[in-house]
Every structure is written in C-alpha cells, then in structure tokens.
There are 2 protein chains.
Amino acid sequence: MTVPCIICVAITGSLPQKSDNPAVPITIDEQVESTQAAFEAGASILHAHVRKEDGTPTSDPDRFARLMEGVRKHCPGMIVQFSTGGRSGAGRERGGMLPLRPDMASLTVGSNNFPTRVYENPPDLVQWLAAEMRTHGVKPEIEAFDLSHILQARAMADRGELEGTPYIQFVMGVKNAMPADRDVFDFYVATVRRLFGPDAPWCAAGIGRHQIELNEWAIAAGGHART
Amino acid sequence: MTVPCIICVAITGSLPQKSDNPAVPITIDEQVESTQAAFEAGASILHAHVRKEDGTPTSDPDRFARLMEGVRKHCPGMIVQFSTGGRSGAGRERGGMLPLRPDMASLTVGSNNFPTRVYENPPDLVQWLAAEMRTHGVKPEIEAFDLSHILQARAMADRGELEGTPYIQFVMGVKNAMPADRDVFDFYVATVRRLFGPDAPWCAAGIGRHQIELNEWAIAAGGHART
Ligand SMILES: [Zn+2]
Ligand SMILES: [Zn+2]
Ligand SMILES: [Zn+2]
Ligand SMILES: [Zn+2]
C-alpha cells in the first residue's frame, strides 16, 4: 500500500464497565492516558465516548471538552472523533458536543436492530446531526451497520448534506444487525469504490470476538483498522 | 424458466386512500372483488392489508377473517398472505390475525428507516411473530428492507425459528431505506442463493415508480413478481 495505514482507536466504548474489565478507562484522566499510549504506539484517530462518574455513558459536552483538551496537549496531531451514537443520549443531546469542533464525529444514517432493541436514528435527527457537522466543520464518519447506510451516505452527499467524500466505517458482528460475513464485507468494499471512487477511505470495526478478523480483512483490502 | 412464474398481488397497501386514487379497494367487498380480478388474470398470491371504515390501516382480525372467507370462496387455491407490517398496528396487535391460519404472512426481521420515521421491529417482537407463525402453521415471507435482513433470516432458520426455506422478498425504492439499485439487487439474489440454495424462492417489490423496473429485474433473474 502506498497510503499509510490509519489506525483508529476506540479507547472506551459505550458499554464496558469497570466491573467487566478493570482496565477500561472511564475518567477523563484515564482516557487521556490510554489515548496517549495508543498514539505513541501508532494510532492516528481517537474514536471517543465519555462516561459519567458512575461509569454510565453520557453526551455531556463538558466531558468531551476536557477529553479533547487533554488529547490535544498530549497527542499532537491526533485526529479526534466524537461519538454521536445513541447509547450516550437521546435525540439532539447526541450532537450537543459538536460545537466543540472535533476533527470528526460518527454519524449513523439509518436504523437497525441491536441485540435487545432498535437502534433508532430517525431521518430528522440524522439530518440535524449532519447539518450541525457542516456548521461546525466536523467531518462525519458514517457508521454503516447495514448496506443501505452506504447508499444513504451517497444520497446525502449528492444533496450536499455531507461535505467532501464521506469516510465510511463498516460495523459488523453486532447481534441482530450485520454479521461478520466475508462476502458482504467484499461487497461493502466494492460498493464504497463504486459510489465514492477507488481512493475513497473506509475502515471496518468488528464487534467483540470479530475485532481481529475484521482488522485483518480491512488491512488486506486496503482499508483502515479500528481497534 | 421451468418453474412457473408466481405473481403476487398487493391489492391494497397500508397507505393509499380513496382521496389519492378512487380505485383503491378499501371495503372487504371491494378487496375481494379486486382480488378475484387479479386471480382470474393469473395472480397466485394475495398480499393483504385491511382498513377501517375511514380508510386507515388496521390489524383487526375480524376484517382479515372476512377477507380470507371471501377469497377462499371466490379464488379457490389462491395463496393468502396477511401483512404483519408496522403501519397497521403497534406491538403484538400486528400478529393478532395469525391464529386465522392464513397460508403465509409477511415478517420483517430487522429495523430500518422509512421516509419520515423509523420502521421499528424490535428483536422480541420479531421473535414473537415468528413463534406465532410456527404455532399456527403460517409460512413467513421475509420482507428484506436491507441486506442484513436476509442474513438474519438465515440465522433464525438455523435456530429453528423459521420453518423450512423462508421465502424472501426484496423491498427496494423506499426513501431512506434501500434504493432500487441494480448491483444491490444482483447481490441480494446471489446472497439468497448462497445462504438458502440455488432453488430458494424469492421475489422483489419496487415501491412507487420502481415497481415495473423491479418486476422486470425479478422475472429476468428467476424470481417472482409483486404487483
Ligand atoms: Zn474508524
Ligand atoms: Zn463508538
Ligand atoms: Zn411476494
Ligand atoms: Zn404490505
């Protein structure tokens, strides 16, 4: 590959708790410390969720601001991506931190099932989040939980709702959404190339036990890896 | 083709009203009359929604019972498929007519966006509808609004939640869900063949202006048509 491999690190998801794994960074200081370790090991993008004192997910802009301040200081040049995912808040709360102008933010452009519930991204909320990202100069990472989400990103870009070439992330291995299926993965890659051009960037995230498999597929196929 | 082409007729969807098109059959008598005309013209499956007096959609089992009685009488041998779609009721109401033992019923196994809202099919409701269909000997038609729904049908069949080979219907052209995209259509067909075998039956429905295009694609590729 001529393009250097980008490694995107998700230091803290929205679900794991200290009770699951005492090493999960929860406080902002712990998050900055983990991010710096990953940055020094070669990660170039931070995908960030934040937590309340009790460890539950939140979209609190103050916490995102403190995290960004720490990362800017300790990891110069690292790309900061905030999650606007639905586990951390309801409705427009999910985008309350976008005025902080992170480099990127995640954007889910459709709905799908999760293990025990519907992951709700209603069309008007998707439109609003995309508009906030345009207003504040934040580049979206499209979280493709299903194939139609890639085509929806193309339709939104055609309508001027996304600026530039969107960065697409395939999310595979979530129960009741898209499994980690090799043929589907290959079709995802072909679809991104068809709709956004051969050089469009993309990455892939495998959930849980599928993480390493998806990283291997992604790196071999010219994509970026999410850890 | 050696298999005779099956034509599936959706005489009344859940949305059109008399104010949109005075020819839309709304009363049970009108529905039976339209079904008989389609049956005599060669349709072999009826995909049925029912309406209240005021034309709004409902899941009322009494209406479904009267419709089935009329169709059994006037269209001998026609396959009756009831819709369990979310426009006609909320939660388990959607499956309240399954004890009537229609030949088939539609089953959506995931969630997705619709033009202005989320089409919610939470995992526990999907499980319950599938169990009701097994209990009452009703064959599901899987409404695939996105690619993961085809893979989810395979996972459900593997767990014994669907009996026999599911009949998959691709739904394309719904705004904010899957557009009518030829490459995706071809991958849908390849995926059904890969997961359910080369002879697995499938059909395709194009919404609105995509209806004729999808019928052409489906018939040319060896699938069945939905009008
Ligand atoms: Zn990424
Ligand atoms: Zn995330
Ligand atoms: Zn059909
Ligand atoms: Zn229907």
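Arg51(B) is found in strand β3 (residues 50-51) of chain B, where helices (H or I, at least four residues) and strands (E, at least two) are DSSP runs numbered from the N terminus. The model is predicted: local features need pLDDT of at least 70, side-chain atom pairs count only at pLDDT 80 or more, and totals for chains, interfaces and linings use all residues. Residues are numbered from 1 along each chain as its sequence is written, chains are lettered from A and ligands numbered from 1 in the order in which they are written, and side-chain values use heavy atoms, with hydrogens and water left out.

Arg51(B) is buried, at a relative accessible area of 1%; buried means under 20%, exposed over 50%, and partly exposed in between (1.4 Å probe, protein chains only). Its side chain reaches the backbone oxygen of Gly55(B) at 2.6 Å.

Next comes the meeting of the two chains. Asn113(A), Pro123(A) and Phe187(A) supply 21% of the area that chain A buries against chain B, more than any other three residues.

Four salt bridges are found across this interface, a salt bridge being a side-chain nitrogen of Lys or Arg within 4 Å of a carboxyl oxygen of Asp or Glu. Asp183(A) forms a salt bridge with Arg194(B), and the closest N and O atoms are 3.1 Å apart.

Finally, the rings. Over all chains, the structure holds 19 aromatic pairs; rings of Phe, Tyr and Trp (its six-membered ring) pair if their centres lie within 6.5 Å, with planes under 30 degrees apart counted as stacked, over 60 as edge-to-face and the rest as tilted. Phe170(A) and Tyr188(A) form a tilted pair, 4.9 Å centre to centre with 50° between the planes. Phe170(A) lies in strand β10 (residues 167-172) of chain A and Tyr188(A) in helix α5 of chain A, so the pair ties together parts 18 residues apart in sequence. Phe170(A) is buried, with a relative accessible area of 0%, and Tyr188(A) is buried at 0% too. Ring pairs link Phe170(A), Phe185(A), Tyr188(A), Trp202(A) and Trp217(A) into a cluster.

Note on methods
Buried area = accessible area lost by both parts, 1.4 Å probe. Polar contact = N/O pair within 3.5 Å; in protein donor to acceptor, adjacent residues only side chain to side chain.
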